[in-house]
Structure formats: C-alpha cells, structure tokens
Amino acid sequence: MELNEFISAFAEQFDDTDSSEIQADTNYQELDEWSSLTSMAIIAFVKTAYNKEVTGKEIRSCETVEELYNLVASK
C-alpha cells in the first residue's frame, strides 16, 4: 500500500469534492462533504480494499489523510 494510491482511492469516496482537493495533509473532516455517511463509506472502503477494519472512533482521531493512511498501514 502506497500513500498516493491510498489518497486516490480515499478521494473516490467523495461524490462532490474534486479529488485534486484531497492531499496527504488535507484535514478531511473539514471538507464540506464530510458526514457520518462518508465515514461509513471510508470504513467500507478500508475493509474492501485493504481487508482491514477501522472504527468510526479511529477515523475521528485522525485529522489528515496521511494520519488515516498510517493508521490503516499499521493494522
């Protein structure tokens, strides 16, 4: 798993946010489109793409996409 691939796949979870807006240092919880539904989509994406489980609490504890990547990579 590489960071750039993770960012690209992470960005695909957002319907109305341009993927160019999402970078490693993006605070994804501050995006206009961020919601509990998006959080659930991220949980499903991580499970499907990486066969790893993250919780809503873990997602909320991360601020940037890179922090979330590091969390997933450490599991």
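Analyst: Helices (H or I, at least four residues) and strands (E, at least two) are DSSP runs, numbered from the N terminus, and the expected span of a helix is 1.5 Å times one less than its number of residues. This is a predicted model, in which local features need pLDDT of at least 70, side-chain atom pairs count only at pLDDT 80 or more, and totals for chains, interfaces and linings use all residues. Residues are numbered from 1 along each chain as its sequence is written, and side-chain values use heavy atoms, with hydrogens and water left out.

User: How do you know what span to expect of H2, and what does H2 reach?

Analyst: Helix H2, residues 36–50, has 15 residues and reaches 21 Å from its first C-alpha to its last, which is close to the 21 Å expected at 1.5 Å a residue.

User: Which residues of H2 are called buried?

Analyst: Buried means under 20% relative accessible area, exposed over 50%, and partly exposed in between (1.4 Å probe, protein chains only). In H2, Thr 38, Ser 39, Ile 42, Phe 45 and Val 46 are buried. They cover an arc of only 115° around the axis, taken from the directions from the helix axis to the C-beta atoms, which puts them on the same side of H2. On the other side of H2, Ser 36, Leu 37, Met 40 and Thr 48 are exposed.

User: What makes Asn 51 exposed?

Analyst: Asn 51, in the loop between H2 and H3, has a relative accessible area of 60%, and exposed means over 50%, so Asn 51 is called exposed.
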